[in-house]
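Please consider the following structure, with attention to the surroundings of its ligand and to its aromatic rings.

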Amino acid sequence: MSNLESILTENRIFPPNPAFSARARIDSKAAYDRLVAEAEADYEGFWARLAREFVTWDTPFSTVLDAHRAPHYRWFTEGRLNASVNCIDRHLPTKANKIALIAEADDGSVRHISYQQLHDQVAQLANGLRSLGIAQGDRVIIYMPMIPEASIAMLACARIGAIHSVVFGGFSAEALRDRINDTGARLIITADGGMRGGRAVPLKAAVDKAIEAGCPSVEKVVVYERIGNACLTEGRDIAWATLTAAQPSTCPPVMVEAEHPLFLLYTSGSTGKPKGVQHSTGGFLVNACMTNAWVFDLTDDDVYWCTADVGWITGHSYVTYGPLALGVTQVMFEGIPSYPDGGRFWQMIERHKVSVFYTAPTAIRALMKLGDAIPAQYDLTSLRLLGTVGEPINPEAWMWYHRVIGAERCPIADTWWQTETGAHMIAPLPGAIATKPGSCTLPLPGIIADIVDDEGNPVGHNQGGNLVIKKPWPSMIRTIWGDDARFARSYFPEKLKGYYLAGDSARRDDDGYFWIMGRIDDVLNVSGHRLGTMEIESALVAHPKVAEAAVVGKPHEIKGEAVVAFVVCKGERPQGAEAEAMVNTLRDWVAEQIGPIAKPDDIRFGDNLPKTRSGKIMRRLLRGIAIGELPQGDVSTLENPAILEQLLGK
Ligand code: WTA
């Protein structure tokens with residue numbers, strides 16, 4: 001609630017910088033209003049225009065939106081296209097030698113890759129994948145460090161119509177195995193490892209472990225040698241270099257239907273099992289292009305840098321597909337913001353003359369803590385626009401970003417969206433919309449967002465409610481891979497009048513600005529990463545010594561939210577040194593089951609957990625206890641009230 005209070009009192013407003021507006025694609029509030037009106041007057045006509053303007057089609061579409069099987073909406077049905085052609089080939093006539101990727105490795109070494117070189121490398125890998133028998137519709141898992149080859153692998157899959165599913169390199173072998181098996185992937189593309197903060201992160205070892213534990217669908221593993229430590233399993237593994245060496249540098253693209261799945265990406269929901277969010281090719285590209293053009297205002301002379309990993313949706317829409325489809329030059333970074341010191345981001349902005357910079361509030365807060373003197377050492381005058389994503393940004397961090405990094409000159413685009421939406425939904429068009437610290441401002445033209453109560457009726461200004469999108473949009477989730485029923489149930493619940501339910505609560509202020517308040521389901525947002533409380537609970541109870549576990553979030557200064565676990569062990573409740581040892585064991589265990597990002601910050605042991613008489617764990621009480629508060633008010637429905645004091649540590 002403290003977050004809600006702080007945003008309720010926030011009333012500063014920053015009009016667009018006139019110098020920015022003067023060269024922006026959408027340069028005034030009036031221009032924004034015209035686009036909103038255009039979409040309102042002719043919704044399909046609006047999206048058809050953008051789809052033709054931004055995307056290159058091999059076969060044009062005639063149907064714009066097919067809603068016959070709602071909520072399974074289909075967009076641009078007859079259209080055929082290839083995503084890699086849109087990201088590469090169409091730029092070659094005019095900018096073959098333009099730099100597509102400036103890739104800075106962890107140790108500071110830099111590789112420049114032109115659009116022509118990108119084309120050739122994608123074609124060679126695509127041919128290599130074909131030689132292994134990979135064809136349209138096959139699933140391919142990509143488990144890579146943040147190096148150009150990650151994007152090359154994605155684009156090579158797209159070139160031949162294979163469906164990629166990128167798994168974040170920070171996920172463990174266990175989590176990787178679940179995703180491999182859910183997709184039924186025939187092939188894995190990985191690297192021997194990656195470098196982060198001066199340390200090697202083994203990736204291939206996790207792949208080996210996952211396959212050993214049982215991945216019956218996997219036939220081949222392609223291994224990129226990054227750290228010089230590739231151990232290849234005879235008959236199954238093949239080195240990237242070997243696979244691509246003799247391949248021609250042209251590869252005829254497979255023109256797929258607009259609805260052909262471009263990728264699956266797993267994300268956390270309110271059950272123990274992550275969901276494979278399925279995205280289309282045509283619709284996804286339309287919104288990816290449109291938002292990179294409108295929200296980031298990317299033009300030919302920009303040097304753009306999004307710090308997200310390709311393992312997240314941000315790395316799909318705002319690293320691999322969107323910016324490349326617009327033909328811009330972008331920075332790609334393998335390492336971490338704190339290595340070799342906390343000036344790394346600012347040094348890189350100076351070094352590569354970055355003009356548009358997109359990062360997460362958690363990184364901003366961590367760097368803010370180091371003080372103003374560090375960024376002051378670098379020349380940040382190349383910057384013209386800043387962006388944030390992944391979690392609500394607190395006004396204090398917003399102001400620091402604005403003042404110290406943006407020198408009060410750069411607009412800040414606070415972009416609200418989700419894995420499921422595929423692209424920005426609510427965000428300021430920086431040349432047109434005045435910003436307020438902590439608000440993602442107004443929906444993009446064509447996005448019909450609202451805040452409703454549990455029956456789907458709009459709530460008044462300044463009242464919290466469910467954030468919904470009332471009309472389908474091109475880059476929306478198509479289904480949950482292998483679980484269509486869950487798709488309809490979780491995103492289009494019957495009582496909500498067919499609206500898309502985002503799973504966030506929000507309020508709108510008197511100017512109609514949106515303020516995101518947080519998740520309404522059991523999803524945590526730790527450092528901008530989505531984690532399901534149920535996922536962490538399932539991991540904990542899988543430990544032989546754990547009988548029961550409940551996980552909640554608590555506010556954290558830098559990470560936004562921290563994970564707190566309440567655990568009941570089999571046998572005696574551990575105390576003293578034994579409890580300490582058990583905490584470490586369980587933290588490591590969760591890292592092994594899911595990945596280090598899911599490690600609980602705080603683990604408390606109890607003889608049992610607070611439950612209602614019907615046996616339901618009372619998470620509301622646990623959230624209070626996590627921040628050291630005994631619940632006020634009625635706990636009479638509780639089966640075992642005495643447990644509260646114990647969990648509080650009193
Ligand atoms: C949260 C990341 C406030 C939100 C692109 C959403 C945000 C979830 C913002 C999606 C923002 C994302 N302000 N909250 N600008 N952006 N969120 O799927 O709770 O990893 O539902 O996609 O992050 O996380 P996901």
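How many nonpolar, polar and charged residues does the shell around the ligand have? The shell has 6 nonpolar, 6 polar and 5 charged residues, where Ala, Val, Leu, Ile, Met, Phe, Trp, Tyr, Cys and Pro count as nonpolar, Asp, Glu, Lys and Arg as charged, and the others, Gly among them, as polar. The model is predicted, so local features need pLDDT of at least 70 and side-chain atom pairs pLDDT 80 or more, while totals for chains, interfaces and linings use all residues. Residues are numbered from 1 along each chain as its sequence is written, and side-chain values use heavy atoms, without hydrogens and water.

A polar side-chain atom of Asp414 lies 2.7 Å from a ligand nitrogen atom.

Phe14 and Trp398 form a tilted pair, because their planes meet at 35 degrees, with the centres 5.2 Å apart. Trp398 is buried, at a relative accessible area of 1% (buried means under 20%, exposed over 50%, partly exposed in between, with a 1.4 Å probe and protein chains only). Tyr224 and Trp240 instead pair edge-to-face, at 5.2 Å and 80 degrees, and both are buried.

Technical notes: Polar contact = N/O pair within 3.5 Å; in protein donor to acceptor, adjacent residues only side chain to side chain. Phe/Tyr/Trp six-rings, centres within 6.5 Å; stacked < 30°, edge-to-face > 60°.
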